[in-house]
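The following exercises are to be worked with the sequence and the model in view. Each task is followed by its solution in steps.

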Amino acid sequence: MHLSRTGDATASNGGLANTGYLAIDHLTLVGQAAPRAFAAWPHQVGVLPPPAQSFQHRTEVDRLRDAVNRGGTAVLTQVLTGTGGVGKTQLAADYARTAWDSGEVDILLWISASSRSAITAGYAQAGVEVLAADPGNPEQAARAFLAWLEHKANQNPCRWLVVLDDLADPADMRGWWPPTNRHGRALVTTRRREAALTGEGRRRVTVGLFAPQEASAYLTAVLAAHDRHEPGDQINSLAADLGYLPLALAQAAAHIIDANLTCSSYRELLANKIRKLTDLLPEPGALPDDQTTNVAATWALSIERANQLRPVGLAGPMLQLAAFLDPNGIPATVLTSEPALAYLTEHRDPLSTSGTHQPAEVSAEDAVLALRALHRLSLIDHDPGTPHQAVRVHQLVQRATRDTLSPERNDQLAMVAADGLTASWPDIERDIALARSLRANASTLARTAEDVLYQPPFHVLLFLIGLSLGRSGQAANARDHFQHLADMARNRLGPDHSRTRSARHHLAEWQGEAGDAAGAAAAYEELLADLSRVLGQYHRSTLLVRSHLAYWRGRAGDVVDAITILEEVLADQKRTMRRYHDVHTLSTRSRLAQLRGRAGNIGVAVTELKSLLSDQKEKLGSDHPSTLRTRHELAHLQAAVGDTNDAAAAFEELLGDQVRVLGPDHPDALSTRHELAHVQSDAVAAAAFEELLADQVRVLGPDHPSTLRTRHELAHLQGAAGNANDAAAAFEELLADRVRVLGPDHPDTLNALDSQARWLVQAGDVAGAVATFRELLDGQVRVFLADDRLALGTCHELAELHGRAGIADGTETEELLAARLRVLGPDHPLTLSSRCTLLAQRHRDSVDVDAAIAAFEELLAEQLRVLRPSHPVILSTRNNLAYWQAVDGDVFGAADTYGLLLPKLVKVLGSGHPDTLAACHNLAQCEGRERDANGVTVAYRPRWELTAPLTGLLLSSQVQELASDNPHILAARNEISRYLRGAYNRDYGHLIGFIEE
């Protein structure tokens, strides 16, 4: 260009040159960019996050790779979802880095997808770098790159991987999903879980926490990299305290190193509820692995976004409430209870309302939608399919949420949570899973906000926890809970406060139910003195405690005195309450009848229980738990007197009602199944107990006392089936578990010791049995006092064993009988049994046969007055009477007695029982013998009506299994063969053949 009055200027290649001054009204310059070249493959766009220090190979890595590899052409995009801090970005980066390093991809694109504009910019940058698109038009460049990702027939296939990290809103991806291309793959990481993220060609992969071993390995590696070596148990515990959250583990490890702490000291700081979580994390500039946010703040944006979802303003308050409950599962009913809805209505975020309008009441449906909003942002896991554990929240999400609350709001929320739990707690815990979940949530709340719940006058929820523990069969745990509650009440409320008295009452009750009857009686005695002083001796609460005191005295061994006291209490209750059917009066009548049964006065006990049952049905209803328990006690007494058929029918009917009212897994229903199996035949009982044991392990746990009782029954059945050695070994194993779980002085532990000793006797280890019985007796005297019937039974067994050894002189048995007469009364089955044993000992070497027969006949008459004819005590007396009839020469009379006795023994004890086989032997000895005046057998005269059934018994399948080595069976066969040869010149084998024909 040449301009006048200027110097020459030269421009080339479209340039503009000027050497003077120009006056220009309008100038348009059109520049022409230099041509851009397409990027060569392989090519990476965007920066991958660096690997975390001590990055752990996780099962999620394998799951992700497997999901991608199994995708084929149908699923090209994997959406990694999970709460903040689980390591989604690191997993995606590891996958991308591995694919890049191994040459699996030609184009790798990493986009930080925090907003729609960021997504657009990421695609645009790829368009500029890969396609040489115009950077001046980002939208066009981004669209061009997405179009290029589409597979084209005339284009060389390109293997690409697109990663969109930390997607904040599914709506931001509208129009930006990578296209379907069998040569390409895409990964998306997000905290969101909306349905819009999945669909055709997209699969969701949930990223969870570290597995415990992964968390421990990570902490160990990070600390070791800084020459820090901590005990393995402390590392494992710290990992658990942090909920196995990868981000929390990384930041906690950094703080431990920077502050020169140990894992133990860090855990102490973490357990201090006064400290905030941010105090235990690195400062922003000291965060590890290029992190920009500490774990306490990582969920703040998610909470804000959840609060904006419908119903607007409820997600935040709902999370605050959930922050006080069990992280492992919160029942839906608690978070939708009236107290919870009232709180949500009052504290709904202001952004949901406008002006000064009063916010609308929050409904249960609104509360559920708020939970869904939190679920969509991965702040909670909401699974309506498990209503008792519908909501799960990570423990650090809870901690971070509570840290944001003012002290006033913290206390208010704790009370709302307690009120919600109380409102959700059923009167009858029919659903065992719900009860377990409520207890777990209540216990979490009590730990989290103990000072709030223990503010005077103490929240009722604290009592519900203990009562639920006890009613579920966890007596020891209930005792420990009420011990803590009683101590707190004394310190904060004073000894005479009603809540203190109530806690002491429940402590004494569950102390007794846990096996310490004497301790329970002592605790009630102390409480009675205080109640009499504060309320007066005839106050209904005082009378109730007197009733409990008498009952536990009876359980501790002083049955006679306990019955007298209960009769006095009942009279006072009837006089002062003026309502014979008062609930407390009904309870006293129940305890009185139970103790009468324990004292052996079963007839009166049954009569009283029947009257009580009628009144309970009228006052409480047929389905009330107390009414059902009275039916259980009646059936139990039926079984105790030998009426097993009626008892079984009663238990079966009761079980049906319990399953209907309480549920199949309720402890009372399981207890009835136990009693029902106990009165059935051994074969049926064994199967029933095996099935019951499986249910008890599932519902109650392997160490629950009821579970251990079922193991006790199964061990006994092993012995009854002829496996005495196996039974003794099973009881030895059971005994160890009971000592571990219940302690050496628990009644169930002593019962296992008793059973072990008895089966040692059956196994032939008399010396071992004597030592075990001695150990048992020491425990019984220590626990139950010297006169308890269990201790008396042990004395009886020792006397029997000494008698076998030929060293008994009757002294022990006489003392035993005297004690039983004093404690149990003359008509108790154990007293009558002692009389039978003492008579047998006194007349063992006696020549006065007539006196022996008369004594046993007199005893039999008294026993028949009290007991059923099939009672084992009566069968034993008949056995002794038949023996002395045979000694007297009345072999036919003895045979008749044995003939009547043997079928009853078979029915009651079974054909393989030692007493049955002994009677079989005795009958074989008596059958057919005719003696002269000197008692010498002169002829065999078998009677076919007795010989055939006897031989049939000896041929029974159960007896045949024992025939090879049982001395009673071998002797009986020998006796039959002897008199058959004498009478018919036949032997036992001929008789067998004849019967089989």
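**Exercises on a predicted chain**

Of the contacts in the chain with a separation of 6 or more, 65% are between residues 24 or more positions apart, a contact being heavy atoms within 4.5 Å. The model is predicted: local features need pLDDT of at least 70, side-chain atom pairs count only at pLDDT 80 or more, and totals for chains, interfaces and linings use all residues. Residues are numbered from 1 along each chain as its sequence is written, and side-chain values use heavy atoms, with hydrogens and water left out.

**Exercise 1.** State how many helices and strands the chain has, and what share of its residues is buried.

*Solution.* Step one: the secondary structure comprises 44 helices and 10 strands, taken as DSSP runs (H or I, at least four residues, for helices; E, at least two, for strands) and numbered from the N terminus. Step two: of the 997 residues, 50% are buried. Buried means under 20% relative accessible area, exposed over 50%, and partly exposed in between (1.4 Å probe, protein chains only).

**Exercise 2.** Determine how helices H10 and H13 are oriented to each other.

*Solution.* Step one: H10 spans residues 315-322 and H13 residues 364-376; their axes are 9 Å apart at an angle of about 85°. Axes are lines fitted to C-alpha atoms, for helices over the stretch in contact, and angles run from 0 to 180 degrees between N-to-C directions. Step two: angles under 35 degrees count as roughly parallel, over 145 as roughly antiparallel, 65 to 115 as roughly perpendicular and the rest as oblique. H10 and H13 are therefore roughly perpendicular. Step three: Ala315, Met318 and Leu319 of H10 meet Ala367, Ala370, Leu371, Ala373 and Leu374 of H13.

**Exercise 3.** Describe the backbone at Pro311, Pro457, Asp289 and Ser378.

*Solution.* Step one: most residues other than glycine have a negative phi, and most peptide bonds are trans. Step two: Arg310 and Pro311 are joined by a cis peptide bond with omega of about -5°, and Pro311 sits in the loop between H9 (300-308) and H10. Step three: the bond from Pro456 to Pro457 is also cis, with omega near 10°; Pro457 belongs to the loop between H17 (450-453) and H18 (461-471). Step four: Asp289 has a positive phi near 55° and is partly exposed at 25% relative accessibility. Step five: Ser378 has a positive phi of about 60°, lies in the loop between H13 and strand S7 (381-382), and is buried at 6%.
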